[in-house]
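Please find below a short note on the structure shown here.

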Amino acid sequence: MDLLDKLIVYYSWSGNTRKIAQTIKELLGCDIVELEPEQTYPGSYRETVEEAKKEIKSGYRRPIKTKIDVEKYNILFLGSPNWWGTLAVPIITFLSQHDLSNKKIAPFFSHGGGGMQNMLEDLKKLCPKSEILQPFVVYSGGKKDLKKDIEVWLKRIQVL
């Protein structure tokens, strides 16, 4: 079986991570999938933050309805917002459902001022047999030239 080269998988509550994912797709022309939880998060930021905090503290894996055959890809671009210092719960659910051994993972993270915190370490714990490439981390509050910064990152990780 021939492996398709690249797949973008991401979760975005507010749209910030989606912008990064769509820019990567525009630059690379690869497949893209947005994870959808079976039960959506509230429309209110404050309510979503509280729900996410409870899920993360309890280790709850919110079910996702998105089905993806990751076997046919060798590089996975994985996008998540920073939720309480770690990956968004739908991303954690996705990672717990798929064996990404021997795949390259190119993480991209958005945040509202908290930086990356434990996101990279937690990704490495969830994917111990994957090659984790240098992450792209962006403050969602307003990036002047997001596309240019993503291009620089893609060249640095040698996919563009």
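The points below run from the whole chain to individual residue pairs.

1. Basis of the note. This is a predicted model, in which local features need pLDDT of at least 70 and side-chain atom pairs count only at pLDDT 80 or more, whereas totals for chains, interfaces and linings use all residues. Residues are numbered from 1 along each chain as its sequence is written, and side-chain values use heavy atoms, with hydrogens and water left out.

2. Secondary structure. The protein chain contains 5 helices and 7 strands, where helices (H or I, at least four residues) and strands (E, at least two) are DSSP runs numbered from the N terminus. Their order along the sequence is β-α-β-α-β-β-α-β-α-β-β-α.

3. Overall dimensions. The radius of gyration of the protein chain, taken over C-alpha atoms, is 15 Å, which agrees with the value near 15 Å for a compact globule of 160 residues (the globule rule is 2.2 Å times the number of residues to the power 0.38). Along the principal axes, the C-alpha atoms fill a box of roughly 40 × 40 × 25 Å.

4. Of the 160 residues, 48% count as buried; buried means under 20% relative accessible area, exposed over 50%, and partly exposed in between, with a 1.4 Å probe and protein chains only. Among contacts (heavy atoms within 4.5 Å) with a separation of 6 or more, 78% come from residues 24 or more positions apart.

5. Salt bridges. The whole structure holds 6 salt bridges, each defined as a side-chain nitrogen of Lys or Arg within 4 Å of a carboxyl oxygen of Asp or Glu.

6. Arg18 and Glu34. These residues form a salt bridge with the closest N and O atoms 2.7 Å apart. The pair links distant parts of the chain, with Arg18 in helix H1 (residues 16–28) and Glu34 in strand E2 (residues 31–34), 16 residues apart. Arg18 is partly exposed at 26% relative accessibility, and Glu34 is partly exposed at 27%.

7. Glu36 and Lys65. Their side chains meet in a salt bridge of 3.7 Å, N to O. Glu36 lies in the loop between E2 and helix H2 (45–58) and Lys65 in the loop between H2 and strand E3 (73–83), so the pair ties together parts 29 residues apart in sequence. Glu36 is partly exposed at 41%, as is Lys65 at 46%.

8. Glu55 and Arg62. The closest N and O atoms of this salt bridge are 2.6 Å apart. Salt bridges with shared partners join Glu51, Glu55 and Arg62 into one network. Glu55 is buried at 7% relative accessibility, and Arg62 is buried at 4%.
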